Amino acid sequence: MFPWELHDKPRDECGVFGIYAPGKSVALKTYYGLIALQHRGEESAGIAISDGKELRLHKKMGLVTEVFNKDLIENLKGNAAIGHVRYSTSCDSSEANAQPLVYKDERGSIAVAHNGNITNASQLNKRLAPAGATKSLKLDSAVFLSFIEHYRSLPLKKLLERYLNDISGSYSLVMLTENSLIGLRDPHGMRPLCLGKMKNSEVGYMIASETCAIEAANGEVIREINPGEGVIINEAGIEFIQNCSRRRPCFCVFEYIYLARSDSVLDGRTVNSVRRDLGRELAREHPMAGDEVIAIPESGTAMAMGYSEQLGLPFREGLIRNRYMGRTFIKPEQTERERAVKLKFNVLGDVIRGQRVVIVDDSLVRGTTSRQIVQMFREAGAKEVHFLAASPPLRFPCYYGIDIPSVDELVAAQRTVEEVRLQIGADSLYYLSLPGMLRVLQRSEELCTACFDGVYHVPVFKQETG
């Protein structure tokens, strides 16, 4: 018996949330914010909270609702907190590496929660020579603690400027001291981070990976935190720090395609509306003469609706997703992997039978689940099965905090479109073009498309192993 995670999509590594509300108890709002960010990480969750005198921390492996209960939330007293949900890789999936991380010395405590990936972590750790508990952590987020340890004598503002100048890669960061909440976004702005405030004339602010978390905690969104910008919130008010060295903005395109929740707002547009527009653009590039459009739920639903609307083809629910499938499926042997897909998805035969089916999904990564879904449609009696992806072929790995597999695992990395079509068994296969995708997005800042075109604008350093 061994665990096998049923994933054929890129996964983000975490979501962060922070709140500062003088005179209020903030644990429950932090809990709500983390639940709204659960899609960004499902393996561990944690909250660090301050009552103005000391920090308390609770974190464990599991979903937010598994890690916290009513009694725990009621016992987490404080008016400022940060929270974290995490997807971890197999080599560092442990409670010790769950976040927030806390550094403590005679000056006080600082808790840190991070979304992203530090590409020069090995170089920095060698330079900073971390010691003690900091050294024992086997994840790149520990770099932030190493900085605190090394530059502890610096004022907080100077420490944040050090982060912005020295750390390379992607990071949306929330930090908590006994009396301050801090947010920081890397100079390239690769991962999302936004600022909100309390509603109903209440004093207080929130920082979160996505706007949906601020709204879930009954807050009001103010704006996105800019690339290279930091914010310090305490009893003195709110202070902004801007990195003086300008760098090329490179917001992650996969936030739009798959990672962000559909009701979140990025650059003034809801993610749902962008995904519908991607589906419409896909229809303009590749109009199919099918009988019905079927989505791969839930990620491909908005794209499939846009495709359907653009061509006037009926959108039908032909594939049902089991929402109660566990995060980890235990199987006794290798041959049960195909059974796992059938436990996660089921085809509605009366919708599919005898039809020319156009399947729309957000992306095509490994191709394993797609191949089995195509086979399930054929077994259900589909006359034709056409597969369309509302993004370009994924051909390159990500080094900035998204679990996009190695080149060997990416089905399109070393295959032509025709070879991929044969691999998944569809009658036809089409991808949205890179120019078409960029036409739809029209973001005010540049996008990182390295997983599609192999152009890594943010430096990637060789990491030490062993």
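How many strands form the open sheet with the order 6-7-8-9-13-14, and is the pairing parallel or antiparallel? Select them and you'll find 6 strands with antiparallel pairing; strands pair if DSSP finds at least two bridges between them. A word on the ground rules: this is a predicted model, where local features need pLDDT of at least 70 and side-chain atom pairs count only at pLDDT 80 or more, while totals for chains, interfaces and linings use all residues. Residues are numbered from 1 along each chain as its sequence is written, and side-chain values use heavy atoms, with hydrogens and water left out.

Zoom in on strand 8 (residues 169-176) and strand 9 (residues 181-185): they run antiparallel, joined by 5 bridges. Leu 176 stands opposite Leu 181 in strand 9.

**Helices 6 and 7**

Next, pick helix 6 (residues 142-150) and helix 7 (residues 156-166), which pack at about 130° with axes 11 Å apart. Axes are lines fitted to C-alpha atoms, for helices over the stretch in contact, and angles run from 0 to 180 degrees between N-to-C directions. That angle makes helix 6 oblique to helix 7 (under 35 degrees is roughly parallel, over 145 roughly antiparallel, 65 to 115 roughly perpendicular, the rest oblique). Show side chains: Phe 144, Phe 147 and Ile 148 of helix 6 meet Leu 159, Arg 162, Tyr 163 and Asp 166 of helix 7. Those contact residues split into 5 nonpolar, no polar and 2 charged (Ala, Val, Leu, Ile, Met, Phe, Trp, Tyr, Cys and Pro are nonpolar; Asp, Glu, Lys and Arg charged; the others, Gly among them, polar).

Now jump to the open sheet of 4 strands, ordered 18-22-23-24, with parallel pairing. Strand 18 and strand 22 (residues 356-361) share 4 bridges, and Ile 294 has Ile 359 in strand 22 as its bridge partner. Helix 11 (residues 301-311) lies across strand 18, strand 22 and strand 23 (384-389), at about 165° to strand 18. Colour Ala 302, Met 303, Ala 304, Gly 306, Tyr 307 and Ser 308 in helix 11: they are buried (under 20% relative accessible area, 1.4 Å probe, protein chains only). Finish at Gly 312, which follows helix 11 and has a positive phi near 75°.

Key. Helix = DSSP H or I, 4+ residues; strand = E, 2+ residues; numbered from the N terminus. Contact = heavy atoms within 4.5 Å. Buried < 20%, exposed > 50% of the residue type's maximum accessible area, 1.4 Å probe, protein only.
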